[in-house]
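Thank you all for coming. Please have the viewer open, and follow along as I go through the elements and some of the residues in turn.

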Amino acid sequence: MYADPPAPQPLQPGESPPGSADPFSPDGQATSWRFNPEYQKLIDLWQQVMPMLEQLTTSLDKAQQMARSRDVWDAPVAERYVQDMSEWRNRLSMYRQSVLSAISDQAADTPRWVPVAAGAPHAYS
């Protein structure tokens with residue numbers, strides 16, 4: 001059993017962007033920030049994938065429980081089905097780990113806040 005990697009953190013109510021002056025601006029003006037839309041896509045993806053993975057896991061667990069029950073069947077072939085379902089459960093667990101790790105790793109490499117584009121200087125617009 002694997003532990004899920006850390007989820008991307010959504011924008012919290014009252015959370016404010018980092019406050020810093022722009023060292024490259026001539027008068028040291030404060031930089032305007034916005035929540036990174038690419039980071040928001042990762043949050044949405046995580047929230048979309050989690051219920052599907054949970055549903056798959058729950059369905060497979062339920063089928064495996066039924067296969068283990070002697071009330072359902074008492075045939076020599078039952079043990080083989082239980083072993084197959086255990087293998088499927090392990091593969092699903094590895095798949096879940098890889099999908100969630102990919103999202104989490106991408107979120108770790110993506111900044112939560114990005115500066116608002118100031119646009120081109122007036123001379124070039």
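Predicted model: local features only at pLDDT ≥ 70, side-chain atom pairs only at ≥ 80, totals over all residues.

The buried residues of helix H1 are Tyr-39, Leu-42, Ile-43, Trp-46, Val-49, Met-50, Leu-53, Thr-57, Leu-60, Gln-64 and Ala-67, where buried means under 20% relative accessible area, exposed means over 50%, and partly exposed is in between, with a 1.4 Å probe and protein chains only. What covers these buried residues includes S1 and H2. An α-helix has 3.6 residues a turn, so residues three or four places apart point the same way.

Residues are numbered from 1 along each chain as its sequence is written, and side-chain values use heavy atoms, with hydrogens and water left out.

Helices (H or I, at least four residues) and strands (E, at least two) are DSSP runs numbered from the N terminus, and here there are 2 helices and 2 strands, which follow the pattern β-α-α-β along the sequence. Of the 125 residues in the protein, 25% are buried.

Let us turn to Thr-110, which sits in the loop between helix H2 (78-109) and strand S2 (113-115). Is Thr-110 buried or exposed? Its relative accessible area is 12%, so Thr-110 is buried. Leaving out residues up to four places away in sequence, Thr-110 touches Asn-36, Glu-38, Tyr-39 and Leu-42, where contact means heavy atoms within 4.5 Å. A polar atom of the Thr-110 side chain also lies 2.6 Å from the backbone oxygen of Gln-106.

Arg-34, in strand S1 (residues 33-35), is partly exposed because its relative accessibility is 42%. Beyond its neighbours within four places in sequence, Arg-34 is in contact with Arg-112, Trp-113, Val-114 and Val-116. Arg-34 and Arg-112 are 78 residues apart in sequence, yet their C-alpha atoms are 8.6 Å apart in space.

Finally, salt bridges, each a side-chain nitrogen of Lys or Arg within 4 Å of a carboxyl oxygen of Asp or Glu: the count comes to 6. One of them joins Asp-4 and Arg-96, with the closest N and O atoms 2.7 Å apart, and this pair links distant parts of the chain, with Asp-4 in the segment before S1 and Arg-96 in helix H2, 92 residues apart. Arg-96 counts as buried because its relative accessibility is 13%, whereas Asp-4, at 34%, counts as partly exposed. The side chains of Glu-15 and Arg-112 also meet in a salt bridge, at 2.4 Å from N to O.

Key: Polar contact = N/O pair within 3.5 Å; in protein donor to acceptor, adjacent residues only side chain to side chain.
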